[in-house]
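Q: I would like a close look at a single part of this protein. Please keep it brisk.

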Amino acid sequence: MENPATERTPLVIAAEINMITCQTKKILLAGAIEIGCRLQEAKALVKHGEWGKWLESVSYSQKTAERLIKLYQEYGPNFSDGLDTSKSTSMSNMTYTQALLLLGLPAEEREEFIEQNDVGGMTTKKLQQALQDRDKANQEKDQALQENQAFKKGLKAIDSTISELKKEQAKAASMPTNPENVKAEAFSASQPALPTHNLKAEHDPDAHIKYVEKCNACCKTIADTFFDLTTALTNLAHVDPNLKEEKRKEANRLIEYMAETIKEWPPPKKPLRVHS
């Protein structure tokens with residue numbers, strides 16, 4: 001084994017040991033895949049309920065057997081021992097431990113990850129760190145996607161609300177002025193108009209319960225919509241600060257108008273419609 005032309009130094013010996021260790025680990029992976037292939041074959045032949053007992057004949061636990069079968073299913077079709085050049089060689093450079101760690105990746109992403117990160121030349125610790133970094137990057141990407149969706153939802157809610165209010169304002173502008181509401185109209189001239197209220201007589205003694213529940217539900221809806229609004233404004237501030245300020249002012253005008261209107265609602269001079 002020794003090459004007389006090579007000086008035997010501790011550094012050379014260490015390099016040889018590392019090479020032999022690496023080759024041994026690769027041989028272990030190749031052997032594990034071959035065993036997994038045969039375990040899968042045997043499992044299909046063994047009668048139902050006798051799989052655990054049969055495994056005793058080869059000294060494998062069910063957990064280890066399932067792991068080996070999984071290795072074969074995931075790597076077998078593309079695994080090469082170096083002799084078959086028609087198959088991928090990126091996976092054949094892995095060790096048994098590396099192959100196990102990578103089982104957590106989706107099959108369609110695994111080979112790309114192996115090639116991009118030179119998995120065959122990584123230590124177990126570095127591979128674990130690379131996988132953690134990948135998971136973190138994916139989480140940040142998912143979070144950014146969710147924030148973007150919330151941003152779009154919030155913008156849509158703002159635009160929809162303003163559009164509806166403009167329609168109501170145009171509708172209100174075309175209606176004759178009520179002398180009893182001159183003061184209110186003077187205030188709301190520059191504000192978006194609220195929808196016309198259809199007031200109905202109530203003979204139900206439990207009507208107050210219904211309207212209390214309605215008030216509670218409406219307050220919750222307003223609170224939820226306000227959260228969506230602030231979320232959209234927050235995201236918009238990072239995208240287009242000028243547009244954010246424009247939308248903030250529109251929302252602020254709406255909120256101020258609503259707050260001023262609710263102070264004396266319903267209008268004291270506007271009688272409820274009742275049956276004689």
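Which residues are buried in α9?

A: This is a predicted model, in which local features need pLDDT of at least 70, side-chain atom pairs count only at pLDDT 80 or more, and totals for chains, interfaces and linings use all residues. Residues are numbered from 1 along each chain as its sequence is written, and side-chain values use heavy atoms, with hydrogens and water left out.

In α9, the buried residues are Lys247, Glu250, Ala251, Leu254, Tyr257 and Thr261. Seen down the axis of α9, these buried residues fall within an arc of 120°, so they line one face of the helix. That arc is taken from the directions from the helix axis to the C-beta atoms. Buried means under 20% relative accessible area, exposed means over 50%, and partly exposed lies in between (1.4 Å probe, protein chains only).

Now the length. Helix α9 covers residues 241-262, which is 22 residues. At 1.5 Å a residue, α9 should span 32 Å, and its end C-alpha atoms are 31 Å apart, which agrees. The expected span is 1.5 Å times one less than the number of residues. Helices here are DSSP runs (H or I, at least four residues), numbered from the N terminus.

Next, a charged pair. Glu245 forms a salt bridge with Lys244, with the closest N and O atoms 3.3 Å apart. A salt bridge is a side-chain nitrogen of Lys or Arg within 4 Å of a carboxyl oxygen of Asp or Glu. Glu245 is partly exposed, at a relative accessible area of 26%. By this rule the count comes to eleven salt bridges.

Definitions and conventions. Helix = DSSP H or I, 4+ residues; strand = E, 2+ residues; numbered from the N terminus.
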